[in-house]
Amino acid sequence: MRRSTFFWLFWIGIGAGTVSLVAILDRPFNATTYSKMQSKPSALEENLPGAALLSIPQPLSDFELIDDMGNNFTRINLEGYWTTLFFGYTHCPDICPITLQTLSDAIPLFDKEDSEEIPRILFVSVDPEHDKAGKLREYVDFFHPSISGITGDSSAILAFALDVGATFKKHENETIEDPLFSHSSSLFLIDPKGRLAAIIDPPREPQEFIETLKRVRELL
Amino acid sequence: MRRSRFTIGLLLGSMLSLLAHISCSDAGAVSVRDAWIRLPPPGANTAVFMKIDNTYSVPKYIVEVGGDKGFEFQLHETTIDNGMARMAKLETLEIPAHGTKDLRPRGIHIMLKAPPSLQQGQKINMWLLLKDEKRVPLTATVSKVPLG
């Protein structure tokens with residue numbers, strides 16, 4: 001009898017833990033929600049306007065994706081550079097092109113300040129069904145030749161997105177025949193050790209992106 | 001003398017009420033400024049942005065958008081909620097009385113479905129159809145950077 005009480009308590013505990021983990025993973029992250037979610041304030045070194053900084057950068061799990069040249073893209077490929085990740089899809093008419101344009105416009109402005117500090121920009125497609133390597137290459141090239149597109153198996157993309165705190169969802173709809181996705185609008189900053197360092201709200205101006213990035217690096 | 005004063009008063013009064021009547025009901029226009037189309041990557045969808053003015057004393061509603069042959073337009077709205085960007089089709093777009101609706105990036109826009117290749121500076125003829133069946137013609141300019 002006593003043993004079965006412990007047995008049930010154990011499983012209730014596991015269940016509650018799983019439910020709260022799912023609730024956390026299911027929520028899209030942005031700078032504001034991330035800071036709200038932190039139960040321990042010490043987890044956030046400093047709350048910058050438009051960015052949430054992780055005081056202890058979070059190592060990423062292994063993943064296997066494909067770049068826009070058709071080569072394998074894994075965790076090792078994130079090491080050695082600052083990387084800005086943006087999730088979107090090539091059929092997206094508004095938010096993806098404007099974000100990529102703002103980031104592209106920032107690239108030449110970085111050159112003037114400190115050329116070694118230019119982050120790589122990776123556009124991760126949430127629509128691998130339509131966005132194959134060649135199409136992605138053509139798409140990102142239009143904005144800036146230094147931007148890379150990332151695609152892969154849809155379950156691998158979702159796992160990678162959730163790991164950095166991003167999310168996306170495909171919507172079935174009768175009124176728009178194009179693929180329609182909702183997706184995180186934030187930028188995810190990966191440090192040169194391949195760890196998630198900060199989540200940045202989408203910048204409205206190129207200069208805003210540069211300033212936020214500068215302040216994030218100063219604090220890390 | 002007294003009679004002529006009365007007549008003048010009557011005339012003035014009726015003119016005023018006529019003027020008031022005109023300004024309250026029919027006098028007005030829906031017009032478009034600064035219309036531009038974001039130059040898209042080859043084969044990609046894009047969006048049209050503009051400012052729509054309504055000088056009527058009543059709100060006006062756009063129910064359909066069309067334009068040059070081969071171009072397909074749709075009213076959309078992008079929303080960013082809790083870090084998630086979404087897009088939804090709009091059935092109608094209200095232009096407030098004596099007001100302006102600003103269609104701009106990250107908000108309400110007219111989606112242009114994967115157009116035939118566009119060039120910087122190219123002009124596209126379009127129209128907005130109002131609920132009262134009036135058509136507002138406009139010309140939008142293809143541009144890589146926002147206009148207006």
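A:His183 stands opposite B:Ala85, a residue of β5(B). That pairing belongs to a strand contact that crosses from one chain to the other in this predicted model: β9(A) and strand β5 of chain B (residues 84–89) run antiparallel and are joined by two bridges.

Interface size is often quoted as the accessible area lost when the parts come together. Here the area buried between chain A and chain B comes to about 2700 Å², and carbon and sulfur atoms supply 58% of that. On the chain A side, the residues that lose the most area to chain B are A:Pro93, A:Asp94 and A:Phe142, which together make up 25% of what that side buries.

What about polar links? Between chain A and chain B, eight residue pairs are in polar contact, with both partners at pLDDT 80 or more. Salt bridges are another story: across this interface the rule finds zero.

Back in strand β9 of chain A, A:Leu180 is worth a look. A:Leu180 has a relative accessible area of 7%, so it counts as buried, the cut-off being under 20%. Some 37 residues along the chain separate A:Leu180 from A:Arg217, and their C-alpha atoms sit 35 Å apart.

Chain B also has a couple of backbone angles to mention. Most residues other than glycine have a negative phi. B:Asp34, however, has a phi near 50°, a positive value in a non-glycine residue. This residue lies in strand β1 of chain B, residues 30–38. Its relative accessibility is 34%, so B:Asp34 counts as partly exposed.

B:Glu133 is the other case, with a positive phi near 75°, again in a residue other than glycine. B:Glu133 is located in the loop between β9 (123–130) and β10 (135–143) of chain B. Is B:Glu133 buried or exposed? With 68% relative accessibility, B:Glu133 counts as exposed, because the cut-off for that class is over 50%.

Terms used:
Residues are numbered from 1 along each chain as its sequence is written. Chains are lettered from A and ligands numbered from 1 in the order in which they are written. This is a predicted model: local features need pLDDT of at least 70, side-chain atom pairs count only at pLDDT 80 or more; totals for chains, interfaces and linings use all residues. Side-chain values use heavy atoms; hydrogens and water are left out. Buried area is the accessible area (1.4 Å probe) that two parts lose on being put together, summed over both. A salt bridge is a side-chain nitrogen of Lys or Arg within 4 Å of a carboxyl oxygen of Asp or Glu. A polar contact is a pair of N or O atoms within 3.5 Å; within protein, one must be able to donate a hydrogen and the other to accept it, and residues adjacent in sequence count only if both atoms are side-chain atoms. Two strands pair if DSSP finds at least two bridges between them. Helices (H or I, at least four residues) and strands (E, at least two) are DSSP runs, numbered from the N terminus. Buried means under 20% relative accessible area, exposed over 50%, partly exposed in between (1.4 Å probe, protein chains only).
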